[in-house]
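Student: Could we go through the pockets and strand pairings of this model, setting each term against its definition?

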Amino acid sequence: MALNLDLVGKEWDGEGRRWTSADAILYALGVGAGSEDPLAELSFTTENSHDVTQQVLPTFAVMIGGAGSMPALGDFDISQVLHAEQSITLHGVLPVEGATVTRSRVAGFYDKGRHAIAVTESTITDKASGAVLADVSSGIFIRGEGGFGGDRGASVTWQRPQAEPDHVVTYRTRPDQALLYRLSGDRNPLHSDPWLAGKAGFDRPILHGLCTFGFTGRALLHTVCGSDPASFGSMSARFASPVLPGEELSVAIWDEGETCRFQTTVAGRVVLDHGTFTKKAGSPGAAGRRP
């Protein structure tokens, strides 16, 4: 097995994804919208409610980029791959339906000793208008592929504030949450197949990291953006430990004005760490509602 180190710095153009109004709704349901109160988030979960205009959750940006025409990062076993980190920067409100083109690059392979992290970056553009919709960066942790003598990557400066969080939002995931979320496009069997989950060292299939990311994004949207996607700027975090479908997520938010720090836990165990969020100019701040 080996990493394709020659890819670093190279760029590829390719088709992103086409999506419909129904795809945006399915994604919203997959990250828990409406699960606690079916009437609370109708703008994200329906397209024909009276006096309600459909909107798209900002974290849907992780689903519309595709992978361009980027070749495989290596020939490693998929069971040895975990999502390590994710960031999105929104340049505007995502349309209810559309199509994208994507320019992608491998930003780097980082040597963590025994293991490795591969980071890819993509710029997602609306195919019809040419407007940039979002920039997305993703890091994957590849077990057993380190030791190639590469850069270890930047050191971490994020710290959990000592003060109590300004907001704590709690969402319970469904026992079948991973089965619902995978319908949006991430069909990695690690999240549905007990055999592969066992091969990866888990007792049962785990929840997609990006599903936890989406739940957390909903908490930020409703709590510090007044539920307005136009106020959602950027969001980044690292995946610290796996979540099992059915577990309860607790999102702690420290509101620092135009930026926030956040951390998501399950029963006190950190699952999403190093969280940083920025609001767009004119954001309503902490005046938003929590559904």
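What follows is a short exchange on pockets and paired strands.

Tutor: This is a predicted model, in which local features need pLDDT of at least 70 and side-chain atom pairs count only at pLDDT 80 or more, while totals for chains, interfaces and linings use all residues. Residues are numbered from 1 along each chain as its sequence is written, and side-chain values use heavy atoms, without hydrogens and water.

Student: What makes His83 a lining residue of the largest pocket?

Tutor: A pocket is an open set of points on a 1 Å grid over the protein atoms alone, where a 1.4 Å probe fits, with protein on both sides within 12 Å along at least five of seven lines, and lining residues have an atom within 4 Å of a point. His83 is one of the 49 lining residues and among those nearest the centre, so it has such an atom. The space amounts to about 1400 Å³, a volume being that filled by probe spheres set on points joined across faces, edges and corners.

Student: Why are S7 and S10 said to pair?

Tutor: Strands are DSSP runs of E with at least two residues, numbered from the N terminus, and two of them pair if DSSP finds at least two bridges between them. S7 and S10 have six bridges, in the antiparallel sense, and therefore count as paired; Arg238 stands opposite Asp273 in S10.

Technical notes
Helix = DSSP H or I, 4+ residues; strand = E, 2+ residues; numbered from the N terminus.
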